[in-house]
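Morning, everyone. I'll take the domains and the salt bridges today. Here is the model.

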Amino acid sequence: MLNNVKVVLVGTSHSGNIGSAARAMKVMGLTNLVLVDPKCEVDEQTMALAAGATDIVQNATVVHSLEEAVADCGLVVGSSARSRTLDWPMLESRECGVQLATESEKHPVALVFGRERTGLTNDELQTCQYHVCIPANPEYSSLNLAMAVQTLSYEVRMAFLERQKQDYSESDEDYPRHKELELFYQHLEKVITDTQFISRDKPNLVMNKMRRLFSRARPENQELNILRGVLTSIEKSVKSK
């Protein structure tokens, strides 16, 4: 199950942080590391700080974009400070561990961490169904990348061990992969643009709110298929007129 949990590092600029993050992962039983557009090379410092987790670094997947990293994932959670400008479904760290452990039994999931200084962009955060905020001391909440990876990896492991202990099965809910959601959003934007519900020159004003709505609702595969069917029906009706 834990092999289905991806730890995704976006735009990492310090090679040692990749090694430290890999070490934090391995301690908690996570092995699937993905590097998105790293700004540094894997070097001697990476391997030194990875200590006994050099295998995770050597087997890490390197991709150009976050979209590519999470295309096969049914759940994507982005690590973020609470935002006043981007209102998005939030998870506490313990809830995040439970959600990731539960859904990783059915499909790949991703835990995404941003750049050391600036974190994730708003566009990257909107790629995620949820954001997670570590409830650190508000008077001194500075966590380095490896600390954040360690904290949330611990929560995933604790949830995994609890599920093993309880040995219960979840419902048969199955959620669409990220690429399927993106196809839906593209379809939705096309239909509501063609029907003049939104302006062609400023589609994001509404689409950002629509993405937030569906991220909060978390439609299952069958529900998403129904929504795609509704959009197709609207397209046919418009063409016939």
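Some ground rules. This is a predicted model: local features need pLDDT of at least 70, side-chain atom pairs count only at pLDDT 80 or more, and totals for chains, interfaces and linings use all residues. Residues are numbered from 1 along each chain as its sequence is written, and side-chain values use heavy atoms, with hydrogens and water left out.

Back to Glu-105. Its side chain meets that of Arg-163 in a salt bridge, 2.8 Å from N to O. The term means a side-chain nitrogen of Lys or Arg within 4 Å of a carboxyl oxygen of Asp or Glu. This pair links distant parts of the chain, 58 residues apart. Arg-163 sits in helix H7 (residues 145-166), and Glu-105 in the loop between H5 and strand E6 (109-113). Helices (H or I, at least four residues) and strands (E, at least two) are DSSP runs, numbered from the N terminus. Arg-163 is buried, at 7% relative accessible area.

Helix H7 also holds Glu-162 and Lys-165. Their side chains form a salt bridge at 3.3 Å, N to O. They are three residues apart, so about one helical turn separates them. Glu-162 is partly exposed at 32%; Lys-165 is exposed at 63%.

Now the domains. The assignment, automatic or from a database, gives domain 1 (5-167) and domain 2 (178-240). Their centres, taken over C-alpha atoms, are 29 Å apart. Contact, meaning heavy atoms within 4.5 Å, takes 16 residues from domain 1 and ten from domain 2.

How much area do domain 1 and domain 2 bury between them? About 1100 Å², 49% of it on carbon and sulfur atoms. That is accessible area (1.4 Å probe) lost when two parts are put together, summed over both. In domain 1, Trp-88, Gln-126 and Gln-129 lose the most area to domain 2, together 39% of what that side buries.

The count between the domains is one salt bridge. Arg-218 also forms a salt bridge with Glu-103, the closest N and O atoms being 2.8 Å apart.

Last, the whole structure. The search finds 13 salt bridges. Lys-190, Asp-194, Arg-200 and Glu-235 are linked in a network of them.

Key
Buried means under 20% relative accessible area, exposed over 50%, partly exposed in between (1.4 Å probe, protein chains only).
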